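Here are my notes on the charged pairs and the strand pairing. Please read them with the structure open.

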Amino acid sequence: MSLTFNRAIRRPSIFRRLASMSVEEFQMLADKLREEWKRRERKRLESMRTDRKHRIGQGRPYAGSFETMLLLVVMYLRTSAGGALLAILFGIDEVTMRTWRRRLLPLLSDRFIPKSPVMGNRERINDLDEFLEAYPEVRELIGDGSEFKIQRPKRKQGKNYTGKSKRHVKKSVLAVNEKDGLILGRTKTRPGSVHDKRVLDEDPMKQRLEKHPEIPKRMDSAWTGEDPKKGWIVNRRGRRGHPLTKKDKRKNKALSKIRIKVEHAIRRVKTFRRLAETVVIRVQGGFDAALDAAINLANFKVLARSVA
């Protein structure tokens with residue numbers, strides 16, 4: 001017996017563990033994505049050939065409903081199961097599994113990331129979700145770097161190795177809204193040997209943020225040296241022979257209590273075990289697509305539960 005959406009929802013508690021969200025939240029997500037899916041499918045079919053004899057929609061349909069395909073994609077992110085195992089669970093072949101994943105992941109690329117100075121005027125792949133049409137102006141940001149474990153490369157191992165964690169990783173810096181913990185954007189992924197501060201310094205996000213000195217940007221001590229006049233608020237760091245004073249420690253503690261929201265946001269992303277465990281994604285661009293989808297799903301859960 002193969003797994004489908006209709007069979008999975010018979011056990012709501014198990015469904016929540018499989019998808020990291022309730023049946024109601026998943027159905028809400030599917031309803032939001034369905035029209036965009038139909039539009040993209042029609043566009044794809046129209047561009048395939050010009051000598052079409054039959055109307056679009058005729059011919060063999062997909063092996064599963066839209067909800068079933070979306071469940072497979074969410075489970076792909078939620079677990080570290082291989083493509084062959086997921087294909088067996090859903091009663092399809094591995095090529096079909098990869099097709100569903102490739103066509104549905106872009107639906108989650110940036111739909112639940114609000115407009116803010118972090119994104120700037122960057123062109124979107126998806127329309128902004130109705131949840132975020134009246135999103136309030138961002139008044140304070142929190143940022144931090146996050147590491148994602150990867151397999152040891154066959155070549156250029158030192159480039160991806162970080163001495164801090166003693167492993168091979170990819171890095172990205174995430175920006176989070178202090179008010180609600182929503183992730184507002186991320187930098188491009190970089191090899192593990194690059195310092196967190198340099199990851200942000202060499203990304204266009206840094207220039208976009210510094211255009212808004214009125215927005216406080218709270219960071220940890222890795223960003224020591226940033227100009228406070230441009231809105232940077234950084235944990236103080238002790239030096240040899242110059243330990244932190246009690247006043248400095250109190251300030252660091254107060255800042256850390258605010259910055260904990262970015263750690264919670266990273267935890268919500270890494271609820272999707274595909275990115276929390278050693279990442280095994282060999283398709284070019286596949287890691288970035290999976291990371292963007294996980295960020296958008298994490299944001300969706302925050303937004304859905306805020307209106308529940």
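This is a predicted model: local features need pLDDT of at least 70, side-chain atom pairs count only at pLDDT 80 or more; totals for chains, interfaces and linings use all residues.

1. Lys206 has a relative accessible area of 8%, so Lys206 counts as buried. The two side chains meet in a salt bridge, at 2.7 Å from N to O.

2. That pair belongs to a network of salt bridges. Its members are Lys197, Asp201, Lys206, Glu210, Glu226 and Lys230. Side chains of opposite charge can pair when their charged atoms come close.

3. How many salt bridges does a search of the whole structure find? The search finds 27. Two further pairs deserve a look, Lys32 with Asp129 and Glu140 with Arg218.

4. Lys32 forms a salt bridge with Asp129, and the closest N and O atoms are 3.1 Å apart. Lys32 lies in helix H3 (residues 23–48), while Asp129 sits in the loop between helix H6 (94–104) and strand S1 (141–149), so the pair ties together parts that are 97 residues apart in sequence. Are Lys32 and Asp129 buried or exposed? Both are buried.

5. Glu140 and Arg218 also meet through their side chains in a salt bridge, with 2.1 Å from N to O. Distant parts of the chain are linked here. Glu140 is in the loop between H6 and S1, and Arg218 is in strand S6 (residues 217–219). The two residues are 78 apart. Glu140 is buried, as is Arg218.

6. Next, strand S1. S1 is mostly covered, with eight of its nine residues buried. Which way do S1 and S3 run relative to each other, parallel or antiparallel? They run antiparallel, and nine bridges join S1 to strand S3 (residues 167–177). Leu141 has Asn177 as its bridge partner in S3.

7. S1 also pairs with S6. Two bridges join these strands, which run parallel. In S6, Lys217 stands opposite Leu141. Leu141 therefore has a partner in S3, by the bridge criterion used for pairing strands. S6 is also the strand that holds Arg218, the salt-bridge partner of Glu140.

8. Last, the surface. Which residues form a positive surface patch? The patch is made of Lys246, Lys247, Lys249, Arg250 and Lys251. Lys247, one of these, lies in helix H10 (residues 246–269).

Conventions
Residues are numbered from 1 along each chain as its sequence is written. Side-chain values use heavy atoms; hydrogens and water are left out. Patches are made of residues with over 30% relative accessible area and no salt bridge: like charges are joined within 9 Å, nonpolar side chains (Val, Leu, Ile, Met, Phe, Trp, Tyr) within 5 Å. Accessible areas come from the Shrake-Rupley method with a 1.4 Å probe; for residues, only the protein chains shown count as cover. A salt bridge is a side-chain nitrogen of Lys or Arg within 4 Å of a carboxyl oxygen of Asp or Glu. Lys and Arg count as positive and Asp and Glu as negative; His and the chain ends are not counted. The place of a charge is taken as NZ of Lys, CZ of Arg, CG of Asp or CD of Glu. Helices (H or I, at least four residues) and strands (E, at least two) are DSSP runs, numbered from the N terminus. Buried means under 20% relative accessible area, exposed over 50%, partly exposed in between (1.4 Å probe, protein chains only).
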